[in-house]
Amino acid sequence: MKTLKINLFIVAIALLATITSCQKEKPKVIIPVLPPSNPITAGNISGFIKGTMLTGSTYTVTADVHVKKGDTLLVQPGAIIVVKNNSQFLIEGVFQSLGTQASPVTFDSDTHQPGTWGGFACDSSQAVTMKWTKVLNTGGPDNTGGTRRTLVVAAPVKVDIEDSWFLNGQDDCLGLFKGAQITILRNTLQSNGSTDGEGINIKSGATGVVAYNVVFSQAGTGIKLETAKVITTAETNVDVFNNTLVSNGWRRGAAEPGRGVSAGVSAKGNIYNNIIVNCYHGIEIFLDADVANVKYGNNLFYATANTFVDNTPLAATPPTPAVTVDIRAGFYPAGAAGVAQASDVISTSTATGNPLFKTFDNSFLNPNGAANNNDFHLQSGSAAIGKGSTSFTIRNPSLLGGVTPDTDMGAYPTDGNGNKH
Amino acid sequence: MLLKNLLVILFLSFNIYCFAQTGTLKGTITDERTGEKLVGASVSLGGTTIGASTDVSGNFTINNIKPGNYIIKANYIGYNVISKEITINAAQVTTVNFKLVINSDALQQVNIVGRLPNETEAAAMANERYSDNLKNVVSAQAIAKSPDINAANVLSRVSGITIQRNAGGDDAYAIIRGLEPRYNNTLINGVQIASPDSKTRLVSLSIVPSELLSRVEVDKTLTPEMDADAIGGTVNLVFKDAPEKREINVSGTIGYEQLFLDRKFIDFSKANISTYSPFEINGQGYLALPNDFTRSNLDFSKINPPPTETFSFNYGERFFEKKLGLEIGNVYNNLYFGSNTEGNSGSWNPNSPDHRPKIDDIITRNISSRQILNNFILHLDYKFNDKNKISLDNVFLYSRLEEANFAGDTSITGGNGGRTVPGTGPVSFNRQSTTDNQYVENLKLAGKHVLNNSFVFDWFGAFSNAFRRVPDQANISSNIAISYNPSTQVFTKTPEYFDNITRNWGHNEDKDYDISGNLAYKTSIKNSPLEIKIGGLYRNKSRYNYEDEYVLRPLANSDGSKPVFSNIYTSQWTVYNPLGANAYNVNNYDGFEYITSFYGQFKFNLPRLEIFGGVRAEITSEGFNIRQDITNAQGVTDNYTDILPSLNFKYKLTEKANLRLVYFSSLSRPAFFELVPTTPQSSGGSAEKGNPNLKHSTANNFDIRYELFPKGDEQFFIGAYYKDLINPIELTYVSSGTTTLTQPQNAPHATVAGFELAFTKFMGNFGLSGNYAYNYSDVNDAHKIDRLNPFSSNNQPNFVTEHRMLLGASVHDLNTSLLYRNIKRKFNAQLAFQFLGKTLIGTYAYSGDNYIQQPLTNLAFSADKSIGKHLTIFTKLNNLLNTHTKVVLYNFENGNEVTKATYLVGMRYNY
């Protein structure tokens, strides 16, 4: 605490210095360099760990790492963590991975193959912060053969995940449950989920903001809101805006189509300014959601083809008929509570409502772990430009993390205030 | 009785061939004091193997006796033996009547070294009447005449006992006086049995066919010399003993199930099932490959099953001047049964003002089971003399279950959408094949020694072992979605997608070693007999549990999509956890329990009052070791000592009526797995987690019973009980994230009270027997979520306390049987009716609702007819009303299980 106060004091003086001297020359900002607490030596780590993983160091996790309640594990920019033996991080204390744009933190397995390590089980953690961190190839089974989410929090604690990459996991990417207070901004989630798994799965009373994220080629639903069948928390209540959701929901098969965004089982929230392209279903608001309190509009729905023909069933012995999916009919699927809003941009043909991504391979179904060579920035003339709403009432203003809805839709508004990837 | 008569006839007929000129002996045996006719008393001619027992009128007849002088002995349980000298003349009928005197020593149990006739109904009644504690006894004879085919059926007709069954009906456990199986004790020949179950201490009563039983005893109050871990009661399965005269019984039956006349039986191939998991075969570190897993046990086919068949055989005889007794027996059953279930699960309804549960899911389940039972008994005893006897009993029970379980689950609401109109929705299918082999063995060596006129010493050593192996329980899940387009009015079904396969290998072993010794001292104070007994028991119980699971996931198509399932032989998968779960599986644990107990008890007989009491101490050390997650408690040992007093008064109101007053204290220990704190994976649905802080339950029990024995084969009981349980163990809701977790927890206290009534009455050839039990129980369930206000501001559940009955308890339990017996025509028939009131079978997470099994009425019929001297044909027809087992939650059916009627005919040969 004491160090923090002193820190703030110094920062305040420095700020004051910049303000008072801004007219003359480039100010000299003095950032005091404090030694890290409990520095962790590069090399093999496992077991009960606390302290600081250092900039420029490479760590090899040889077995599960536990962070006990009350302990903190802090990762400095540029640290590289290689996880072996399908190990995972089990966090009951505080976890902070503080990469920077210039020097991100990387977590990957030694084999770099999808599903080869366990991710972050922060179920009963005290706080989770992740900035500019690459989390690659998670989703190996747990010791009992159970699936593992890339990162899971199931406690009413602050979860702040910004500017990070989550690639090639095998199950749910982010599982945010039991009253977690979430700020999920400007992340890229890509090619996660083998034949199941949601992108951002928010349940059981989690509240917060999910904005400016890109979810590409998720097996299941991009962003899913639910409370629970057994209600022991307030309703899940999330502001979902300015996300770009592309080619999601195809790998689970026609019996369990994935959505761009869904709200169900007593969940409520805002769903605005999202771009949804080539997803199996667009926005699905299930009849068992808190329908009256799910507000939505100003979303863009587009498809690069009117139908997608899933030929997989033909490969079965004996072959079963191929499934033809009418993409446009699935923007707001029938049998659910969601209906097209006047403020939405809804493509009626490949020629209308095109968000004009800088590059897009027009894919629908991609394999788990597929590369993403697309650039979802908007070209001028995009139907998404200027169609966003900035007037809806944010439900969780304290968890905005400094962002506001944009007048453009999607994660890459033309003012550059969105996703930095 | 019929059996005995047949036996007599059998021996007599044997004599016909040898002696042309013979005489006949006839007579009646009555109670000297009351004049009551004694049913089932035996008479024997000294120096011969000839004998008979009395019929329902107390009469006996022995034909074809070689002329000469004989000593004839009349014998009846609890009475002094009377001998008379008689002369039998050729072609004449000699009549001899006996008036027997009650032997008060003999009635107070054990100091008779020798055997009492114990398979007859009369013996069972005498046992109930003269025992020191309150008990119900069902004789082998009664079982043979009843529609019952195993111990579970038998017990369901005993006053105050109901049977808890699992879905599919292969397991059955006794609930005594509304107390769950956990509060009751199961013995074989008086010794606790090891459990083949992987989690509990229980032994399914359905694996014990009735043919080899001598009797089933249910002790509802305990004496200090009995194991104290029975709050509800103790079920003692007593197997056949060596008979006084040679006895050979052979029987066979054939039967069929209405269920399989109405639908096919689902079969799967057992040929390639691997007994061991890839880990067990290849050792630590082996990475399992897709081809390590067989396909044929997931290849299901529909067949018409062959008929159910059973066979039993037993032989008993005494050798070497009756010093050595032998009994051997075997029962083989090959049974086919199953069930069809439909039901709905429900969840909290945000749209209804009172937030009662609303249907969120439709479940259908069809089970097809084949069970093979093969049981062997061996009994040997040796009487050195009238004062010393040793005996050896071995009971071996083998059960093999082959079960196909098909479930379909349609979401009405929920995560991936639900139904829009009836007939639509996402449907997931689970098809599971299980083979389950269980072996239970109970070996007991016992001795009894009358040291002198005052001291009797008895002892036993027992080894009980239960082993179970479930090799490769295979489950495949797949899913479809059905949608409806209102504009075209067309239903569309997607292809069936291959979801997941799990393969599970488990085995567990329970071993009990018991050693016990008791010393009784008899004296008298002013001519009133006093018996003092002390003794002790040491039991070493250990449990080993292994389970391993492999998960196979569909190999995605080359474009990354999920494959369609059409056929197990063409399905391609990858092994998701190639190392297996083995040591990390939640069911991988060791348990142990060491019990040392001592007791002292006295029995004082005043002319009309018997006072019986004492105290027992049980010193327990119980614990477990697990081999999983290092952040969990890995080994826990709990030590505790209980001092358990008891006091009984038995007051003889008249010679035919007793009034009993009983107080005893008893306990119930947690099951091994209930302590193990492993958290199951959060895969959704619901799961159960152990609680290492669980305390054992104790109880103070009070009983009062009035007993009337108007005639030898008639009785009337009425009684009431009150039990105060401290730390009862109840499975309650603890938390929910993605998985709803329940955990066994100690409620501070529970109360159980009720009354029981039982009677048997004969009028000519007709008889009526029945019993009724009313049970009240109350426990404070402190773990119900307040449905109107389920959470507090910090997102923690708001719990409210709710009074409810105990899990497993039923309010009303009525059994009645209409009996018809025609001794002349050697015909018996029985129509058995059963009514079971509402039963609490599960707790729902929110206040105001629970899972309630609806009242059940059941009708069964049995009949037997003897043809000639040795042969009896019989039939047993069960579930004639096609009773549905319905469970209701709030206003909808959570489950509706149908098993349908079963039909069986058989033939019995007695020699």
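**A strand lysine and the A–B interface**

K522(B) lies in strand β26 of chain B, which covers residues 497-525, strands being DSSP runs of E with at least two residues, numbered from the N terminus. The model is a predicted one, in which local features need pLDDT of at least 70 and side-chain atom pairs count only at pLDDT 80 or more, while totals for chains, interfaces and linings use all residues. Residues are numbered from 1 along each chain as its sequence is written, and chains are lettered from A in the order in which they are written.

Leaving aside residues up to four places away in sequence, K522(B) touches S454(B), P529(B) and E531(B), contact being defined by C-beta atoms, placed from the backbone, that lie within 7 Å. The C-alpha atom of K522(B) is also separated by 6.5 Å from that of I532(B), 10 residues apart along the chain.

Between the chains, 54 residues of chain B are in contact with 56 residues of chain A. On the side of chain B that touches chain A, β20 (324-348), β24 (455-485) and β27 (528-554) each supply at least two residues, and β27(B) gives the most, with 5 residues. By class, this side of chain B has 22 nonpolar, 27 polar and 5 charged residues; Ala, Val, Leu, Ile, Met, Phe, Trp, Tyr, Cys and Pro count as nonpolar, Asp, Glu, Lys and Arg as charged, and the others, Gly among them, as polar.

Key. Contact = placed C-beta atoms within 7 Å. Helix = DSSP H or I, 4+ residues; strand = E, 2+ residues; numbered from the N terminus.
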